[in-house]
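Visitor: I have a structure to go through with you. Can we start with the ground rules?

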Amino acid sequence: MCYSLAIIHLLFSAMLGKAFFSVHSVAGWTLILFFIILILLLATLYLYFRTSEIRSLAPGRKGEMDKRQLDEYISTLDKQQIDRYLENGKPSPGGKEPGVTRLAFAPFLLGITPGSFWGETGVLIMLVLLLLPVLAGVVVVIFKVGNILRQEREKQRLTEAGRFSEGLSTLSPAERETLLTQRRDALGYSLTQRELIGELAPEDEKGLLSNITSHAALPVVPVKKRAVKRPPIDPALARLVLAYIGCATFWLVVGTTVGEYLGIKFVAPDADHVSWLSFGRLRPVHTNMVFWGWASLGMLGLGYYIVPRVGNTPLASLRKGWYSLWLINAAVLFGSLCLMGGINNAGGEYREYIWPVMALFALALMITLINFLQTIGRRKPKEIYISNWYIVAAIIFGLVIVTVGYLPFWQDGLGETIVQGYYMHQAVGMWFMMFTLGIVYYFLPQQLNRPIYSYSLGILAFWTQILFYTVIGTHHFIFSSIPWWLQTFAIVGSVGMIIPVAAGTTNFILTFKGGWHKLSSSYTLPFFLVGVVFYFTGSMQGTAEAFRTTNLFWHFTDFTVAHSHLTMYGIISFFLWAGMYAVVPRLTGKEPPQILVGTHFWMALIGLLFYTVPLMYGGTLKGLLWIAGKPFIEGVTLMEPFWLWRAIGGSLMWLAHLFFAYNLYKMTAATRIKQKDYGILQQP
Amino acid sequence: MEFFNNHKKLFWAVFLFFGGLTLLVAILPALENQRNFRPLPNAEPLSDAAVKGKMIFIANGCVACHTQQVRNVDMDKTWGSRPSIAADYAGDHRIDVWRNTATLMGTERTGPDLTNVGLRQPSAAWNLTHLYNPRILVKESVMPAYTWLFTTTTKPNPGDVVINVPAEFRDDAGDGQVVATPEALQLLAYLQSLKQTKLPDGRPVPAFLYKKKDKVESGGSAKTTAFDGAALYATNCQSCHQPNGEGLKGAFPPLKGSPVVLNDNPEIMVNIIMNGYSGRIKEGYGPMPAVGTNNNLSPEEITAIMNHEKTSWGNNARAVTPDEIKKLVDLIKLQGTTK
């Protein structure tokens, strides 16, 4: 709903801003004319095929029926019809005599070919006006033709029934009797239901069956499939992956607790008067903690599982994996403490950690990059699976981004802002999005048990994402003092993002094709689906926000906050959860409580919508209010109810994370069952 | 394909592709900007106190909600007399070995833009009270209260800046007086220093784009747009004199029943709006800034504000006309230039 709102706004503003389409221009009218003629042509084609069908029906078949035809018709009769015939001795062809109406129509539609001199707007408008009734006429004709066709068919059916009846009456009564009785008996045949299973009790000697329900009862929620047993994973690698996921979950819970508190502060600004808990200090604590703590560690954890697996080779160095984990945890811990203590890098979103802290993170990326490259170097298959393209590329990009963002040589004056636009948007798109796509390219086919729809689409999306995403950073500073050409460049790049996003989405959706039924019996696939949906809508929303006209009413408002949550949460977090629920049961052999996975899913999804939709709606209203030149404080009062909704949605999201943490606990530590208690059950 | 199956070639290509684009859209434009722009010749460097204040502004993450950029679009006119230009930020350099340059341009306006706040709201009393708790002055505000920038003392020293905090907003028991710490005063100095530098004479001022279209289109009758006095009052006056016109006891005088406002002769009132006023400091009221001049209010806008003040909250004075106000404003401007 909101996207359509956004699109309407976009179109509306595009028209105001004398952009590419207007009903006052020749181009606009030519476009309308073009579409009308196109529709007319299509309609003509349609009519042509329908009428030729009528022509083929018209003559019909005459003469007596032979035996084969008679048999053919008998086989279409059902039991009741045969019974009735045998009792009455007459076929019952049902239906009324059709009233024949014939409509002659001339193909007057052809021959509309506008000459080149008709370039005047007035002429074009006139043409459109003339063609509109023609179009209406065509619609009428289409309905009429359909009607005639139906009537013709009905008529033919009746004649055939008459012929069939005659054919039957030419047979001798005994012959007729046998023929029909035979058929009736055949129709009445039914299986005993034991043909295939036999009389023996079922037995599963090879342990092939699982998910057997012995005591059927009405389930509260549908039971989902359990994870398929896979070849065992090196327990040391499993520990590393679980440690990453565990730490990520810890930062998720802490980071969103901070976020939840920030959301509450919009409703209750006097909740506390403590310097290190004040809004300005906690906001970067929240954003950086969920960025570098939750999402980054979560991605890397899944990466440590995927990279060796698709290379069919052990990880080059487990120890390096642990070093990276410790370094990133240290970066998030020290970074958060610094921010709360009032030590930050001086402005710039996601660049608030001071460089010594961020250096820890960069070092971790460097170590991981070497580790992954060495692993890929030792791979068994010749090809590098596309997941590894995305994952390794993301780590290279992450390193470049942090380096460019933190080196001081090009950061004087506006240089700082130009780099800031680049840094923050590349971090989002080239680190988080790129890495996550790599995860999806591995887990989605695996969970659907079918190959990715198109490898080439994945490669197209890969290169176009680099081409377009890299240049769009400055679209966060439209109308600022950054060079106008750079702003335009960023807007063009934002439009170009349609290509990788559409390619990626198409690829994922078509991989789902034929496997949609698996959605309801899996607890990971719904997370993937939500991620894919937000991948498309969230990314396209970003494109829509980049235009100059949309910047007028969306920039600086809460709309941006909604957008960042739709993407970082709707895309990244949902994909990460999908991957984690897929991989952790494989590592531990323990399943999460399914009902709680469902609770997590729905609370996170509904919470996200409660969070974002009001902010988008309110943000748009606030922007319009600013354009109207209303006092600033009116915008603040306007937002009050929407901020309340945000806090409510945020609370749901936060609760969902507690459920997720509990599920992770159930999948790992809590399921170590003591041998002693279990002993009785294991008796032979 | 051989190229895609060789991880060295593939990832080097990826790195160079991304690195090249990075150079093109981030590093080179940033270097170019550094080389091409210098601060405006008449730009005032920050005082020592303001420099320290800026550090407090940074430490507390104020940029999360306050931008410092006037975009070149009509709707941003409220925040400055001209769009911001690259030269406005050219004086910003790396702060120290730990911290980056701070242009503090920001990406969100949960609070007002601060590019020109030193001109729009220079009052020390207002700013300090507002910092202690914004809701003392603006009840709808969601800005944090910075009470830790203040101390309480029963015997203020002669140099101390005491602020008047209503009892319900005090964090402590309420005995003693609230005194601004040096940090609060530094932050104040920084806020007061935020003023747009005038462009040197002869330079064309960049235009504000996406102007609002005038409603007068057909008919040709030159209808003057009716200004909304209440809205203008809310933007320019309300944060001190309050929505109910009663001001704030001991800080900002009431307009309700004020002899200046009720006076049939508008001369004094126009003079105060255009030049500011500091005649009632002894009574505890802070000096009033020259709102009309600072905020570039037109005579029509001033008329709308004055008529709103003259006829609201039980005030019932003669309404003034744009023409008589225009004459007075022109006279004041003339005096200003001859001085």
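Guide: A salt bridge here is a side-chain nitrogen of Lys or Arg within 4 Å of a carboxyl oxygen of Asp or Glu. Keep in mind that this is a predicted model.

Visitor: OK. How many salt bridges are counted between chain A and chain B?

Guide: Two. One of them pairs Asp270(A) with Arg135(B). Their closest N and O atoms are 2.8 Å apart.

Visitor: And how many residue pairs are in polar contact across that interface?

Guide: The rule finds 22, with both residues at pLDDT 80 or more. On the side of chain A that touches chain B, helix α11 (residues 386-406) gives the most, with ten residues.

Visitor: What area is buried between chain A and chain B?

Guide: About 7,500 Å². Carbon and sulfur atoms give 68% of that. In residues, 92 of chain A are in contact with 80 of chain B.

Visitor: Switching topic. What is the secondary structure of chain A?

Guide: It comes to 21 helices and zero strands. Chain A has 684 residues, and 52% count as buried. Take contacts in chain A between residues at least 6 apart in sequence: 84% join residues at least 24 apart.

Visitor: Now the surface. Which residues make the nonpolar patch of about 830 Å²?

Guide: Leu31(A), Phe34(A), Phe35(A), Leu38(A), Leu42(A), Leu45(A), Tyr48(A) and Phe49(A).

Visitor: Where is Leu45(A) found?

Guide: In helix α2 of chain A, residues 26-57.

Visitor: Is Leu45(A) buried, exposed or in between?

Guide: Partly exposed, because its relative accessible area is 47%. Patch residues need over 30%.

Definitions and conventions: Residues are numbered from 1 along each chain as its sequence is written. Chains are lettered from A and ligands numbered from 1 in the order in which they are written. This is a predicted model: local features need pLDDT of at least 70, side-chain atom pairs count only at pLDDT 80 or more; totals for chains, interfaces and linings use all residues. Side-chain values use heavy atoms; hydrogens and water are left out. Patches are made of residues with over 30% relative accessible area and no salt bridge: like charges are joined within 9 Å, nonpolar side chains (Val, Leu, Ile, Met, Phe, Trp, Tyr) within 5 Å. Accessible areas come from the Shrake-Rupley method with a 1.4 Å probe; for residues, only the protein chains shown count as cover. Helices (H or I, at least four residues) and strands (E, at least two) are DSSP runs, numbered from the N terminus. Buried means under 20% relative accessible area, exposed over 50%, partly exposed in between (1.4 Å probe, protein chains only). Contact means heavy atoms within 4.5 Å. Buried area is the accessible area (1.4 Å probe) that two parts lose on being put together, summed over both. A polar contact is a pair of N or O atoms within 3.5 Å; within protein, one must be able to donate a hydrogen and the other to accept it, and residues adjacent in sequence count only if both atoms are side-chain atoms.
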